[in-house]
Protein chains: 2
Amino acid sequence: MFSIGELSKRTKVKVPTIRYYEEMGLLAEAERTSGNQRRYDKAGLERLSFIRHARDLGFSIEAISSLIELQEHPDRSCEAATDIATSQLEEVRAKIKRLRTLEKELSRISKGCDGEGVLGDCYVLASLADHNLCDREH
Amino acid sequence: MFSIGELSKRTKVKVPTIRYYEEMGLLAEAERTSGNQRRYDKAGLERLSFIRHARDLGFSIEAISSLIELQEHPDRSCEAATDIATSQLEEVRAKIKRLRTLEKELSRISKGCDGEGVLGDCYVLASLADHNLCDREH
DNA sequence: CTTGAACCTCTAGTCACTAGAGACATTACA
DNA sequence: TGTAATGTCTCTAGTGACTAGAGGTTCAAG
């Protein structure tokens, strides 16, 4: 059994974040010492590692909740879990696509201005003021 | 002179968002009718278009504030504006990089599981539980 | 047995909005 | 001119996923 600080060190999840996850129902309520401090075991560590890993991959708290619920029924079909992962993948791909468009636009804007002139003629500001100067929609 | 709703239609920025921008100091306080309703002119429209466009490109409210301040001194060097745009571009590139890593990882996880088995053997859940199953850091 | 670090709960703040309540203003039409 | 519908006003609270801080308690080392 170890303390919340120890759990924090091992998982690299900050202490207040662990308490937050408990409040959100991602982590079961921890056992307590007689002095009301949380104590964790290996199961708690594994659960939090799972959450941390999923968060790193961009899964929302809600999605993680669903995944955890699924974990608790190992006999069921794993279609639902695969669905969640796939839709997360789609979201990531959509974000990448959008960011690539922005990248092109921003790089065009940055390049258009060498930073040496005066703001009155600045291409950065002009581009932002006038959408028509853009190559494409975004 | 036109109303906030009209301005909203023309810029595609929602009415409460316009009021929010005013509160945040991005938009000057609008003139009012005798009945206390906001009225805008061409200058207000242009200013809001600028803000909208910059937000679309992912600039933070704070960055936009700086850009607007710069706009008000057309005699100064445009280096600062270029800096803001460039750092925004760097942020976007960093995000893309990170998301690409996630994409690879998620696609590996999704592919590992055809959704036909049972949760107890689900590769999606196993991958999330055990970081060691990952190809690389993320 | 004392000290100091770690822990507890609770509230409030972050960002960029969004939603809703309840009251007042404007506009279109009869 | 009357009225009904739509628009607008302010204010408060909620979103997601935390983070920061106050003020108090408990633990572990020496």
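Biologist: How many nonpolar, polar and charged residues does the surface near DNA strand D have?

Modeller: In this predicted model, the surface near DNA strand D has four nonpolar, nine polar and five charged residues.

Biologist: What makes the contact of A:Thr33 with a phosphate oxygen of DNA strand D a polar contact?

Modeller: A polar side-chain atom of A:Thr33 lies 3.0 Å from that phosphate oxygen, and because a pair of N or O atoms counts when it is within 3.5 Å, this pair is called a polar contact.

Biologist: Why is the pair formed by B:Ser3 and a phosphate oxygen of DNA strand D given that name too?

Modeller: The distance from a polar side-chain atom of B:Ser3 to the phosphate oxygen is 2.7 Å, which is within 3.5 Å, and therefore the pair qualifies as a polar contact. For B:Gly5 a polar backbone atom takes part, with a phosphate oxygen of DNA strand D at 2.9 Å, so this pair also meets the cut-off of 3.5 Å.

Biologist: Which part of DNA strand D do the atoms within 4 Å of the protein belong to?

Modeller: Of those atoms, 87% belong to sugar or phosphate, while the rest belong to bases.

Biologist: How do you know what confidence the predictor has in chain A?

Modeller: On a scale from 0 to 100, the mean pLDDT of chain A is 88, and 95% of its residues reach 70 or more.

Notes
Residues are numbered from 1 along each chain as its sequence is written. Chains are lettered from A and ligands numbered from 1 in the order in which they are written. This is a predicted model: local features need pLDDT of at least 70, side-chain atom pairs count only at pLDDT 80 or more; totals for chains, interfaces and linings use all residues. Side-chain values use heavy atoms; hydrogens and water are left out. A residue is near a molecule or strand if one of its heavy atoms lies within 4 Å of it. A polar contact is a pair of N or O atoms within 3.5 Å; within protein, one must be able to donate a hydrogen and the other to accept it, and residues adjacent in sequence count only if both atoms are side-chain atoms. Ala, Val, Leu, Ile, Met, Phe, Trp, Tyr, Cys and Pro count as nonpolar, Asp, Glu, Lys and Arg as charged, and the others, Gly among them, as polar.
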